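User: Can you walk me through this model? I'd like to start with the overall layout.

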Amino acid sequence: MNKLHLSEEEIQQYALGRADLSTKEHIRSCAFCEARAADYRLIFSELDQLPKPAFDFNVASLVLAQLPQPETSLDRRERWIYLLVFAALASIGIPVYLFRIYFFKMFTDILPEAMYLVILVTLFLLVFQGVEMFRKYQKQINTLNYK
Ligand SMILES: [Zn+2]
């Protein structure tokens, strides 16, 4: 051993039962360090018997009182989004309603094979986009759940 006695940290580890072999050997042969370890064991046992600290007031109610209250009415940004959605639907729906005769006649003049091709490509793109969206959602959920 290149030093005379153990450090405070080594003795505390011994008193907690987490010492390595050289520390145990030193304590077996040294009365001074054995006495210090006994002091630490006494301190640790007294600390274990102390009651757990607890607040004498309700922490949750104090914290909740400090939090900002959620707004019940729609804020301006949400109103803008609803207005844009309505405008988009109206810009599609009104012309379809006004030109409905020509609109449905437009599809009767297309070759059936071309129509099937358009439908097939559209379905393929929708399925592909849906699968991608679902994978991205699962990845984000797994990140949030620490998986
Ligand atoms: Zn010693």
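Analyst: The centres of domain 2 and domain 3, taken over C-alpha atoms, are 24 Å apart. This is a predicted model, in which local features need pLDDT of at least 70, side-chain atom pairs count only at pLDDT 80 or more, and totals for chains, interfaces and linings use all residues. Residues are numbered from 1 along each chain as its sequence is written.

User: What are the domain bounds?

Analyst: Domain 1 covers 8-49, domain 2 covers 74-109 and domain 3 covers 111-147. The bounds come from an automatic or database domain assignment.

User: Ok, packing. Which residues make up the largest nonpolar core?

Analyst: Leu6, Ile11, Tyr14, Ala15, Ile27, Cys33 and Ala37, seven residues. Such a core is a set of buried Ala, Val, Leu, Ile, Met, Phe, Trp, Tyr and Cys residues joined through C-beta atoms within 7 Å; buried means 20 or more other C-beta atoms within 10 Å of the residue's own, exposed means 12 or fewer, partly exposed lies in between, and C-beta atoms are placed from the backbone.

User: Which helix supplies the largest share?

Analyst: H1, with three residues. Helices are DSSP runs (H or I, at least four residues; strands are E, at least two), numbered from the N terminus.

User: And Leu16, exposed or buried?

Analyst: Leu16 is exposed because it has 12 C-beta neighbours inside 10 Å. Leu16 sits in the loop between helix H1 (8-15) and helix H2 (21-29).
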